[in-house]
Amino acid sequence: MPYDDQNIFAKILRGEIPCNKVYEDDFALAFHDINPLAPCHVLVIPKGAYVSLDDFSDKATDAEIAGFIRAVGHVAREQGVHESGYRILANHGRDAHQEVPHLHIHIFGKRDMKGMLAKAPA
Ligand code: AMP
């Protein structure tokens, strides 16, 4: 899937629409999810134009990958969820119901997240 520069996170990166920012560096921007599913629900996105982890892991430079992953860990520590625990999640494509076609890592925390994934119906 080609990158669509009109996606909502591209607009946030360009400053065309606001976000509730928690962190920014050369590689990543992090902000609160607009529809939080946990007391801590932050999205971390790379500055580069990547559709999903599939695209990012294939095309991003080592520096971009290292910078982005370091930002995810930094944000989790800044949010204070590193001791109680947190879950990260990145949806790619149809089966994962990815809504926004710009790579984003969800960080969930400050509640018990229970099981990893609902079981498929028998
Ligand atoms: P996904 O299904 O992994 O693509 O998740 C997209 C996430 O982006 C959802 O959790 C939405 O609530 C969130 N989202 C959509 N628009 C915005 C926005 N303008 N600011 C913050 N979060 C957003």
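**The ligand site**

Select the ligand: the space that it takes is the largest pocket (on a 1 Å grid over the protein atoms alone, an open set of points where a 1.4 Å probe fits, with protein on both sides within 12 Å along at least five of seven lines). This is a predicted model, in which local features need pLDDT of at least 70 and side-chain atom pairs count only at pLDDT 80 or more, while totals for chains, interfaces and linings use all residues. Residues are numbered from 1 along each chain as its sequence is written, and side-chain values use heavy atoms, with hydrogens and water left out.

Next, display the shell of 16 residues around the ligand (a heavy atom within 4 Å of it). Those that come nearest are D33, N91, E99, H104 and H106. By class, the shell holds seven nonpolar, seven polar and two charged residues.

Now select H104, where a polar side-chain atom lies 2.8 Å from an oxygen atom of the ligand. For H106, the corresponding distance from a polar side-chain atom to a ligand oxygen atom is 2.9 Å. At H97, a backbone N or O atom is 3.2 Å from an oxygen atom of the ligand. The ligand taken alone exposes 510 Å², of which the protein buries 87% (Shrake-Rupley method, 1.4 Å probe).

**Helix α1 and strand β2**

Colour α1 (8–13) and β2 (28–32), each of which supplies at least two shell residues. The largest share, three residues, comes from α1.

Conventions: Polar contact = N/O pair within 3.5 Å; in protein donor to acceptor, adjacent residues only side chain to side chain. 1 Å grid on protein atoms, 1.4 Å probe; cavity = no way out; pocket = protein on both sides within 12 Å on 5 of 7 lines; lining within 4 Å. Sits in = over half its atoms within 2 Å of the grid points. Helix = DSSP H or I, 4+ residues; strand = E, 2+ residues; numbered from the N terminus. Nonpolar A, V, L, I, M, F, W, Y, C, P; charged D, E, K, R; others polar.
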